Amino acid sequence: MRYTIARLLIFLSVSFSVFTLEAKVHYTAVLQHSNSVTAFNGDSALIKAAAAAVEGDAIYLSEGNFKGATITVPLKIYGAGENTVTGQIVLNFPKTDAATHIEGINSNSSIDLRNAYNATIHRSNFNSIRYIGNSSIYKEADNIVFKQCKIGTGTFGEINRLVLENCIITTIAQNIYTCDVMPIIKNSYVATDKSERYTYSNCTIRTISAGTNEKSLFNCVLGTTPNEDCRVQDCTILSTGEFDALFKDQETLELTDAAASTYRGDDGKEIGIYGGNFPYTLIPAIPEITRAAHPMSPTADGKLPFEVTIEIRN
């Protein structure tokens, strides 16, 4: 993720007092539009910021518990990781080539993809992901990417060009796909897979439900034997007990040293969530103030300038 120094200096010079003086009491959402910012406080702050946003804006959330919101234009939302808790996030905007980016959100609910295009959800935690195509509510979703996310239940309907990379997924619901480009899942952990026609590579999959067909599995480690009509290439099939023993613990899902050296991806790195191009973490890559300085007295016109140093964390 890249930020220009100019944007960060403008953002911080205007809103520094919001975070230092008010965030102790209020949850804060800062809406950035070009070189101007607006702060909203309270548990409805995300709702207010999203309602005021236009295409291309960015919303920065402090730590706190926010009500969920409906996003009606492509924009960027950056939370503070596990301490930024939201309700349901709904993506519902007209078809566009513009990109949407969501990062550092810990939702106690779902992300609902009703009309969603060119969206990347990064380093976030959702109880569920829902898209049910061909309905009056869920109309179209195309080019949706989840990276380094923790997902409870994924109901992906007929999302076109869906990619999940370096994710932890408890359950992938049964979806019969007829879209142009089938879902691709890379370097992820799936506890229970009920999918059909998905393509998996370099994954660890504990349970593949009986009766789920036509999936492709490349260079994966499996805890059950897939159906005969699945395409299986360069995979290792273990018992459930052997599969569970691959991990140091069931929380981090870090492979044991022996497993990491034995099971390698087609890129030469270990399989699973800590391999590939995006090793798993939920810590967001967000701007962080590492130094702040200001004079003891204001200028002649009553202003108190700040001098800050910003680094991108992780």
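The model is predicted, so local features need pLDDT of at least 70 and side-chain atom pairs count only at pLDDT 80 or more, while totals for chains, interfaces and linings use all residues. Residues are numbered from 1 along each chain as its sequence is written, and side-chain values use heavy atoms, with hydrogens and water left out.

The protein chain holds four helices and 26 strands, these being DSSP runs numbered from the N terminus (helices H or I, at least four residues; strands E, at least two). Of its 314 residues, 50% are buried, a term that stands for under 20% relative accessible area with a 1.4 Å probe, protein chains only. Of the contacts (heavy atoms within 4.5 Å) between residues at least 6 apart in sequence, 33% join residues at least 24 apart.

Strand β16 (residues 168–172) is largely enclosed by the rest of the structure, because four of its five residues are buried. Strand β14 (residues 150–155) runs parallel to β16 and is joined to it by four bridges, where pairing requires that DSSP finds at least two bridges between two strands; I151 has I169 of β16 as its bridge partner. β16 also pairs in the parallel sense with strand β18 (residues 189–193), over four bridges, and here I172 stands opposite D193 in β18.

T204 lies in strand β20 (residues 204–208) and counts as buried because its relative accessibility is 2%. Leaving aside residues up to four places away in sequence, T204 touches S188, Y189, V190, V221, F243, F247, I271 and G272.
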